[in-house]
Amino acid sequence: MPRLAPVAPLVLVLDLVLAGSAHAGPVQFVEQRRNFMVFDDDGTVEHANWFSRDGFYAGYYPLEDGFLAAHPDDAQFIVVYSTFDLVQGVGAFYQSLANDVAGIGYSHAADFDPVIPAEFFDDTPNSQFIGMLHMNNWRKFIKLGTQEIDDWWISLVFGQELGHAWLAFPHVAGADAKLLLGRSQAHWNFYMHTGGSPVEGHRWTDNGDGSFTAAKLDQFEFSDLDLYLMGLLDPSEVKPWFVIDDPHDCFDSNLPDQACPEPNAFLFKADSFTVRGTRRDITIDEVIQTEGERVPAYPDAPNEFGISFVLVKRPGEVLCEEEYLLIDEIVDRSIDMWVGQTRGRANILNRTASADPIRPGVFCEAGTSTGGDDTGTDPTNPDPTGPTDPTTVGPGTTDPTTSTGSSTSSDDSSDSATAGTDTTSGCGCRSPVEPAPALALLLTLAGLRRRRARA
């Protein structure tokens, strides 16, 4: 029997008469799609200053109000796609709206996240939302110049952004309390063995001779530590892991003298990356000794989460039916892949999925959509929007230099940075990088692959 997150009483949907007579707000419901709802934004969401507390809520509260005027209050997370790019130049971000979980390090996040006021807080007293994922322009999930959905990018970005609801902030016992932390103190250390977590670190192999090698990954999966912090694993099940201390002789480094990246680096561009250093083994007891036990703990913590998916567009924008079908598929894959990343220990309920048939919209010729910028991810760029801003701080804040929100930047400019690693992009934090070049998106979709029905 799944452990459900608490569900607040449903908010009745306004009928057409009331909706027609109500004063138009900044975010207005437009139509229901198979997996998501479409809203018009008068510029409030598009031009919000997501990197300050006041600026964030000036953009978020109108969005929440507009959504709850058209949909019940039955989800813990709201996922926002847009037809335009985030003006701050990041790829995506997560922002925590509330937290009542102890033992995962939110006290540290509150120290540097410009939006999070304290370890325990609730900035959404009128709803049960605890987090917002802004996934940016939906076209970033399409491989550049194609109609193909980018599964690698979904695995990294959606995995990391939703993971930021609980990750990655814990300190460990000892003098080097921040040993586990990397970019923005909100992602795992570049040299930490995470098995390939979407919240960074790498899947390191100990070669037994003082050297360690990580291979580039096609997909990402949460580590034992991740699952413990998410409330999905008992501490007795968390296997020890290690961090490579004193890294040197990075054989695949692009830097002079084979210099090694800093612990706050992220991706590397080669097929593999080898470094020499000293292995330091870590146990979950070292985390619990510092942060205390997680409350609520497994198996009492929720393992099923309601999520509402919305697309925000500019008034007057018309998207092609083919585009809407692609977004439906992006949502399907995001849900299925995230559940897989938790090894099936968690489930997502799509609260904005429609049980009724959807009337097809406008079918457009390729390239004739009047939607937002036709940008996608560049298949030649291993980290097109950056998997997470190296400068983000908390579980979802907004300052491009200090944010714990997760944000994905839209350009990979790390070749000259650190050993072929990407230290300026990320999915789940915010970094000030230039957006990917705009190219026309070919829109041809032969059919719609329907997934299993979700309650």
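Is the link of C250 and C260 right-handed or left-handed? The points below take up this matter first and then turn to other parts of the structure, which is a predicted model.

1. The disulfide. The link of C250 and C260 is right-handed, with 115 degrees about the S-S bond. In this pair, the sulfur atoms lie 2.1 Å apart. A search of the whole structure finds one disulfide. C250 and C260 are 10 residues apart, and each is placed in the loop between β12 (241–248) and β13 (267–268). Both cysteines, C250 and C260, are buried.

2. The largest nonpolar core. This core holds 75 residues, and those that touch the most other members are Y81, F158, L180, W188 and W338. Helix α7 (residues 321–341) supplies the largest share of this core, eight residues. In soluble globular proteins, nonpolar side chains tend to be buried together.

3. Surroundings of F158. Not counting residues up to four places away in sequence, F158 touches V79, Y81, L133, M135, W153, F309, S334, W338 and I348. Two of these partners, Y81 and W338, are named with F158 among the core residues that touch the most other members.

4. A further core. Another core, of 27 residues, lies apart from the largest one. Its members include A75, I78, V115 and M132.

5. Helix α2. How does the span of helix α2 (residues 53–68) agree with what its 16 residues should give, and why? At 1.5 Å a residue the helix should span 22 Å, and its end C-alpha atoms are 22 Å apart, so the two values agree. At the start of α2, the backbone nitrogen of G55 has a side-chain oxygen of S52 within 3.0 Å.

6. Burial of α2. The buried residues of α2 are G55, F56, Y57, G59, Y60, P62, L63, E64, G66, F67 and L68.

7. Residue N99. N99 is located in strand β5 (residues 98–99). N99 counts as buried because its relative accessibility is 7%, under the 20% cut-off. A polar atom of the N99 side chain lies 2.8 Å from the backbone oxygen of E119. With its neighbours within four places in sequence left aside, N99 is in contact with I104, Y106, E119, F120 and F121.

Methods
Residues are numbered from 1 along each chain as its sequence is written. This is a predicted model: local features need pLDDT of at least 70, side-chain atom pairs count only at pLDDT 80 or more; totals for chains, interfaces and linings use all residues. Side-chain values use heavy atoms; hydrogens and water are left out. A nonpolar core is a set of buried Ala, Val, Leu, Ile, Met, Phe, Trp, Tyr and Cys residues joined through side-chain atoms within 4.5 Å. Buried means under 20% relative accessible area, exposed over 50%, partly exposed in between (1.4 Å probe, protein chains only). Helices (H or I, at least four residues) and strands (E, at least two) are DSSP runs, numbered from the N terminus. Contact means heavy atoms within 4.5 Å. A disulfide is a pair of cysteine sulfur atoms within 2.5 Å. A polar contact is a pair of N or O atoms within 3.5 Å; within protein, one must be able to donate a hydrogen and the other to accept it, and residues adjacent in sequence count only if both atoms are side-chain atoms. The expected span of a helix is 1.5 Å times one less than its number of residues.
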